[in-house]
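Take a look at the model below. We will walk along its strand pairing, then turn to its charged pairs.

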Amino acid sequence: MADPMKIRATLQGDVADVRILMLHPKETGQRRASQAQIVPLHFTQTVMVTHNGKTVLDAQWSQAVSRSPFLGLRIKGAKAGDRISVTWVDNKGDKRTDEITVAPAS
């Protein structure tokens with residue numbers, strides 16, 4: 001299992017500004033390790049973001065996405081205390097879900 005994601009969600013009026021750093025190793029399937037062995041393909045394949053259980057983002061990614069990708073999005077109609085959940089699944093079947101609460105406006 002990968003390290004926890006770093007997620008921040010701050011409120012600006014009724015819009016939550018969500019920033020996510022997904023810590024995930026990535027291999028394109030083109031790099032060679034020692035003795036000319038190709039390192040197998042390993043990448044984040046799907047990403048889903050939910051707001052209080054309702055899907056607001058459902059993405060299909062490929063090996064072209066960077067290692068530990070950063071994702072930013074804005075969710076309209078958010079309030080302080082709402083739950084934001086982020087789930088990714090990689091091409092090897094590994095899965096990670098992390099959840100946070102929207103912080104009140106400061």
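Met48 stands opposite Thr87 in β6. Strands here are DSSP runs of E, at least two residues, numbered from the N terminus. The model is predicted: local features need pLDDT of at least 70, side-chain atom pairs count only at pLDDT 80 or more, and totals for chains, interfaces and linings use all residues. Residues are numbered from 1 along each chain as its sequence is written, and side-chain values use heavy atoms, with hydrogens and water left out.

Strand β3 (residues 44-51) pairs with β6 in the antiparallel sense, over seven bridges. Two strands pair if DSSP finds at least two bridges between them. β6 also pairs with strand β7 (residues 95-101), again antiparallel and over seven bridges. There, Val86 has Asp98 in β7 as its bridge partner. The β6-β7 hairpin has four residues between the strands, and Gly93 takes a positive phi near 90°.

Six of the eight residues of β6 (residues 83-90) are buried, so this strand is largely enclosed by the rest of the structure. Buried means under 20% relative accessible area, exposed over 50%, and partly exposed in between (1.4 Å probe, protein chains only).

Now the charges. A salt bridge is a side-chain nitrogen of Lys or Arg within 4 Å of a carboxyl oxygen of Asp or Glu. The count comes to four. One of them joins Arg83 and Glu99 (2.6 Å, N to O). Arg83 lies in β6 and Glu99 in β7, so the pair ties together parts 16 residues apart in sequence. Asp98 and Arg96 also meet in a salt bridge, at 2.9 Å, N to O. Both Asp98 and Arg96 are buried.
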